[in-house]
Amino acid sequence: MPADSFALHRSTTAFALSEAQQAVLHGADRFAAAELHPLQGRMDNEDWWPPHIMPRLAEMGFLGVTAGAAHGGADADFFTTGLITQALARWNHAVALSYVAHENLCLNNIARNASVQLCNKYLPPLCAGTAVGALGLTEPGAGSDALGSMATTAYRDGGHYVLNGTKLYITNGPIAEILLVYAKTDRSAGARGISAFIVERGFSGFSVAQELDKMGFRGSPTAELVFNDCIVPAENLVGVENQGVAVVMSGLDLERAIVAMINVGMAERAFALALDYATTRKQFGEKIGNFQLIQGKLADMYVQVETARTYCYSVLAACNDLAQGEGGRGDIHKRTAAAILYAAEACTRVCADAVQIFGGAGYMRDTEINRLYRATKLLEIGAGTTEIRKLIIAGELLRI
Ligand SMILES: Cc1cc2nc3c(=O)[nH]c(=O)nc-3n(C[C@H](O)[C@H](O)[C@H](O)COP(=O)(O)OP(=O)(O)OC[C@H]3O[C@@H](n4cnc5c(N)ncnc54)[C@H](O)[C@@H]3O)c2cc1C
């Protein structure tokens, strides 16, 4: 197990987590340090996904956190998922990203919105980690304007729906067996008229077009998915036909709150690595941490990590009370956008400063700090870009 940074663990207890919450965070942290950290190098170098990881996360009780015990879940709250995400992201951000796509984007969305029959069928394998989950919203022509520009369509044909279209940049796409997919069921309804479907990898007309080669988060597989007259049983409609916008929008709020915790974990780790290096690396006969220009960076990093963690925890806690169908507007919409906006930009700055403290060593591709630096930019893009987050916040501030 790599040496823990003293600062990292000291600071995580500064926020008033309950004893039970601290136990979750430290338990997940110990597991991730021991079992996920050693996988980082191969995942990054070979863009390799370790197939044993989802079942192992299930064994640890990290899957189905918010799902009911009857489905193999833990019946715990949303905050708990955030703590697990934070711990995983410290030690293996690529696993954390795939975890979030599985646990939050797919599993939690199904648990919140799907019928009892669909939950009975799909939650047990997702909770057991025997099936990997993904969510397909983004398309080649529909990114920030995911709803308005959505070109994937679905029409009802007897006992099934027929889906046609392409989804792009889908996390877990190459390995997912169960996918929550959005498609337009009423093209005359503009940005509305969208429905959500559960698609199985084996359904006729579904295929993975290509696995995408990323600069960071390597090992967390990303794909372009194609639906070519894909046949989906009518009962796999999630919620009500044409009412999928509520599912998307409330899901996106929760996604932002959880992805923000990936930033927190990564920034904590980058800070811990930089602090450690500043106290060991010597130049001019002194530890570089003795130089005030390095001290200034460490102080700035510390403040950003503390601020991001504290604010993101408070937003996560607010998400615990989000009822089904709620979200997508109002205070929670603004706060989740604000949490990820701040945390993502802070993470990028902290990772950049950490690389600077490492000097040339930080520029070497096969180092942990370099992996964090290459990865962090995604978190200003995925789950709604920095610009879209600002539009959401301002929109809510100015709403009358
Ligand atoms: C590695 C990775 C994993 C992903 N995983 C998933 C996934 O699992 N499921 C999924 O559905 N999607 C996923 N995404 C997609 C992600 O959510 C989109 O990339 C993101 O929403 C941005 O869309 P876009 O890339 O099409 O950019 P665009 O929307 O084309 O934006 C391009 C630029 O224009 C800016 N812009 C756009 N509109 C405005 C505006 N109105 N005002 C100001 N600026 C604007 C944007 O902020 C951005 O800077 C993933 C993406 C990546 C890279």
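Me: How far from an oxygen atom of the ligand does a polar side-chain atom of T385 lie?
Reply: This is a predicted model, in which local features need pLDDT of at least 70 and side-chain atom pairs pLDDT 80 or more, while totals for chains, interfaces and linings use all residues. Residues are numbered from 1 along each chain, and side-chain values use heavy atoms, without hydrogens and water. For E387, a polar side-chain atom is 2.6 Å from a ligand oxygen atom. For T385, the distance to a ligand oxygen atom is 2.6 Å.

Me: Which residue places a polar side-chain atom 2.8 Å from a nitrogen atom of the ligand?
Reply: A polar contact pairs N or O atoms within 3.5 Å. The residue with a polar side-chain atom 2.8 Å from a ligand nitrogen atom is T171.

Me: Where does the ligand lie relative to domain 2 and domain 3?
Reply: The shell around the ligand has nine nonpolar, seven polar (Gly among them) and two charged residues. Domain 2 (134-238) and domain 3 (244-398), with bounds from an automatic or database assignment, both contribute to that shell, so the ligand lies between them.

How values were computed:
A polar contact is a pair of N or O atoms within 3.5 Å; within protein, one must be able to donate a hydrogen and the other to accept it, and residues adjacent in sequence count only if both atoms are side-chain atoms.
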